[in-house]
Amino acid sequence: MSNSMRMIIPIAVVVIVALLPTPEGLAVNAHYFFAVFLGVIVGLILEPIPPALIGLTGVAFCATFGLVGDSAKAARSWALSGFSNGVIWLIFAAFMFALGYKKSGLGKRIALMLVKKLGKTTLGLGYAVAFADGILSPFMPSNTARSAGTIFPIAINIPQMFNSTPDNEPRKIGSYISWVAIAATTVTSSMFLTALAPNLLAVSLVEKNAGIVIEWGQWFGTLAVIMIPLFLLVPLLTYIVYPPEQKTSPEAPAWAAAELEKMGSITKKEILMLCFGILALVMWIFGKQIGVNGTTAAIAVLCLLVLSNVITWEDVITNKGAFNVLIWFATLVAMAAGLKKVGFLKWAAGLISGGLVGMDPTTIAIVLIVLFFLFHYLFASVTAHTVALLPLFLGVAANLLPEPMMQPLALLLVGSLGLMGILTPYATGPSPIWYGAGYISQAKWWLLGAIFGAIYLAALVFLGFILL
């Protein structure tokens, strides 16, 4: 599809939906706002222009034409509300942590050390790749930066040592490592609140739409029941379902040792990065007990990273990725909040709730979890999925479920965001990178995605029955 077509389609969606008759019970401005919102979501899926610009355009359009708020001042306050959201600034600071791991070399060193220690067998290599992702995941909110940017350049060299390439014996070792890498990062993305940027966005939306606050420790403490077993099972399960043809890899530890030799001894910056990373983690986990907000902790550690020269101020102000995400998520938070503000969510939730009335509350909750997970087949972006569906599902739940069930349901919904990235070759940021490596065919990826997706979803449902 040409870029011109990708540009035209979202605009056409806005115009067509806006021209449809306004449904009974829905205000005209809410109808028009939803048309723009839908256009933004389609734009995020097709990406004719940068995602941040799509969100900013949607917010600017709605504010300019007074679709939200009863005055120009109210519209302006709504348009800028996302930039005052603490979670958005936590995401920004966490992206700087990721830069620190990359620039100091600590992320690369950790991955190579694991390959050196565990890489004598192909199964061991699978665990080395998974553990490298797991160790970095609490500190890197971009699974693309973590899996595609840090793990991929190291892991992709390993199969080539055994002459396993996309065109020559991919199943020898390359296919196995590729699938373990993507399957592991989808689990770690759900294991920690700070392992995936949309997790943080989702927590903000939950607070705005349901008044439920989810802390770092609560997230991990609740979801670890299934995430830790899934994480430990991924390399072994892949070894059984999609086994490598070569079972041993004696050359891999020697290669990793040689790469570590090239890096030299651990540097002062790496030690500082490790210490600051642990400090941030401690404050995120125990912030509530010691009276430190997670965002405040992240900004404080960011200052320490700059003051200690692990990264420079120039790195901060020129980090396009971090500022891009800041604008992108701030505008999406505003757009999602706008749906509630104009009354669309209340109207839509009431409409959908009618089909679930009469069911047992636990059944309703499980149905919502399953649908929320499976609807990701329709999305090429976890962020778009989160903004489009999370507020709506929370609204439906609020209409039908008793209040004590709302917090565990919200945790299960947001906790599924990383896991659903396993479903398709385009489901999450690093998927196209690992798929593009060429070791796994599209048909095989969809099949494996369905198998692992079913296992992940079953684990979520199991946890749902425990919590609900």
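Five salt bridges are counted in this structure, which is a predicted model.

**Stop 1.** Select Arg109 and Glu270. These two residues form a salt bridge, and their closest N and O atoms lie 2.5 Å apart. Arg109 belongs to helix α6 (residues 106–118) and Glu270 to helix α14 (residues 268–290), so the pair links distant parts of the chain, 161 residues apart. Arg109 and Glu270 are both buried.

**Stop 2.** Select Asp133 and Arg146 next. Here the closest N and O atoms of the salt bridge are 2.9 Å apart. The pair connects helix α7 (residues 122–136), which holds Asp133, with helix α8 (residues 143–155), which holds Arg146; the two residues are 13 residues apart. Both Asp133 and Arg146 are buried.

**Stop 3.** Select Glu169 and Lys172. They form a salt bridge with 3.9 Å between the closest N and O atoms. The cut-off for buried is under 20%.

**Stop 4.** Now select Leu233, Leu236, Ile240, Val241, Leu447, Ile451 and Ile455. Together they form a nonpolar patch on the surface, with about 550 Å² of accessible area. Helices α12 (216–241) and α23 (442–467) each give two or more residues to this patch. The largest share, four residues, comes from α12.

**Stop 5.** Ile455 is partly exposed, because its relative accessible area is 30%.

How values were computed: Residues numbered from 1 in each chain as written. Predicted model: local features only at pLDDT ≥ 70, side-chain atom pairs only at ≥ 80, totals over all residues. Heavy atoms only, no water. Patch = residues over 30% accessible without salt bridge, like charges linked within 9 Å, V, L, I, M, F, W, Y side chains within 5 Å. Areas by Shrake-Rupley, 256 points an atom, 1.4 Å probe, with all protein chains shown as cover. Salt bridge = Lys/Arg side-chain N within 4 Å of Asp/Glu carboxyl O. Buried < 20%, exposed > 50% of the residue type's maximum accessible area, 1.4 Å probe, protein only.
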